[in-house]
Structure formats: structure tokens, C-alpha cells
Amino acid sequence: MDRSSKYEITKEVKETWMLSMFYLPRPDSKVIESMFSLIQFYEKEQNPMYVLIPTSVVHTYCRNAGDCKNDYVVMNIVKYLEEIVIANLPKDLNDRKIYEKLMVAMKGIGNIGMVSSLLRKNLEAIIVDESYPDDVKVQAIQLFRKTNCDETRDFFMDIYQNFTQSVEVRITSYIQVMKCPTYLTIKDIKEFLKPEKVNQVGSFVWSFLTNLL
């Protein structure tokens, strides 16, 4: 019997330990350094929790710190994940490993809530590109859920009003717009309900506004 097997950590123990980190109330800089190591470990384990949980911890850290734009470790994590996204966007998304790697990296960036101008341009390009599947576009839109919505409101307003986009992409864009609506935004949306051609989108927006009121 291999004596080392007695000390081997089981998959269940690893996952329980990872899940426990999700509830850390005030992670410090040393914890964030450990999170970066875990994120990189995803390449070996191929388990999304090695990206999703650590990036949620990073978000908690940045929320407590107030601003992480000058935090070396955090910015390296963001850069690392962004490079994965940018490198895999042009590749064959029918390849399951590439697809999963791309989606997990986008979800991780969305968890942190920080997006560089370069990645933003790349994501906006694929959202308007008809060759990309809707689930990738939706994930690209949701990546912005914790960012400054004032910076992207006009772009997502255009996507919402674009009849050539799918129902799911338009509705997801609308939800992003409504994270920080202005009076003019609401007015424009109300006016746009009149020429709306897709019942699913129109019904969703009408219900959303009714509940908001």
C-alpha cells in the first residue's frame, strides 16, 4: 500500500475547503495572493470553482478596500483572466475545453467587477458579431454586471434596440441598462415599446417596468 495515499486530500475535502472560503468576511492581501494561486490551479484541475470562488473572494476584498485599481495582485489576477478571454475568443468555440475555459474566465472577471478598456472593446465586438453563439454573448454582457454601468449604458441600449439580436441577448442587455437608468433612458424605453416587434421582449420589458413602478 502506498503510504502517501493516507495523506492524500480527497476531492470532497478540497471542494468543502474551497466553498468555505466563499464566506470569508474580510480577506486580506495574503489571502488574495493565495487566491491567485488557486485561480492558476484551474489549468490542472479543470474545476470552475477554482476560478469562481477565488474571484468572489477578490470582489469581497476590493469592496472592503474601496479601490483595487492600484493593488498589484488584484490587477495581475484581472490581467491573467483577461488574457485567457482575449486568447480564446478567436478560437473554435465548438471545442468543449476552449468553450469552458472562455466561459469560466468571463464569469471570474464578472465576479471581480473590473474590466480593462481593451477587454471591453473585444467583448463589445463579439456581442455585435452574428457569428458568435448567444450563450457567449449573454455571458459577455453579464460580465459587466458589477462594473460602472454608466460607461456601458449607451452601448447596451443599442443592443437592446437592435431587432437582429436574439431575444435572450436583447433582454440581458436591457437588464444591464436598467442597473442605472436615467430619466431619458426610461423615456426612450417607453417610446421603444411602441414599435417593438418581438412579443417576448416587449412583454418582459413591460412587466419589468410595471414591477419597478
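At what angle do α8 and helix α10 pack, and how far apart are their axes? In this predicted model, α8 and α10 (residues 183-192) pack at an angle of about 5°, and 12 Å separates their axes. Angles under 35 degrees count as roughly parallel, so α8 is roughly parallel to α10. On the α8 side, the contact is made by Arg153, Met157 and Tyr160, which meet Thr185, Asp188, Ile189 and Phe192 of α10. By residue class, the contact of α8 with α10 comprises four nonpolar residues, one polar residue and two charged residues.

The overall architecture is helical. The protein contains 11 helices and zero strands, and the order of elements from the N terminus on is α-α-α-α-α-α-α-α-α-α-α. Along the principal axes, the C-alpha atoms fill a box of roughly 75 × 40 × 30 Å. Of the 213 residues, 44% count as buried. Among contacts between residues at least 6 apart in sequence, 68% join residues at least 24 apart.

The buried residues of α6 are Leu119, Leu123, Glu124, Ile126 and Ile127. Viewed down the axis of α6, these buried residues fall within an arc of 165°, and they therefore line one face of the helix. Ser117, Leu118 and Lys121 lie on the other side of α6 and are exposed. The cover over the buried residues of α6 includes α4 (72-88), α5 (96-112), α7 (134-142) and α8 (153-160).

Most residues other than glycine have a negative phi. Glutamine 46, although not a glycine, has a positive phi of about 55°. This residue lies in the loop between α2 (29-45) and α3 (49-65). The relative accessibility of glutamine 46 is 39%; because partly exposed residues are those between the limits of under 20% for buried and over 50% for exposed, glutamine 46 counts as partly exposed.

Methods. Residues numbered from 1 in each chain as written. Predicted model: local features only at pLDDT ≥ 70, side-chain atom pairs only at ≥ 80, totals over all residues. Heavy atoms only, no water. Buried < 20%, exposed > 50% of the residue type's maximum accessible area, 1.4 Å probe, protein only. Helix = DSSP H or I, 4+ residues; strand = E, 2+ residues; numbered from the N terminus. Arc of directions from axis to C-beta. Contact = heavy atoms within 4.5 Å. Axes fitted to C-alpha atoms, helices over the stretch in contact; angles between N-to-C directions. Parallel < 35°, antiparallel > 145°, perpendicular 65-115°, else oblique. Nonpolar A, V, L, I, M, F, W, Y, C, P; charged D, E, K, R; others polar.
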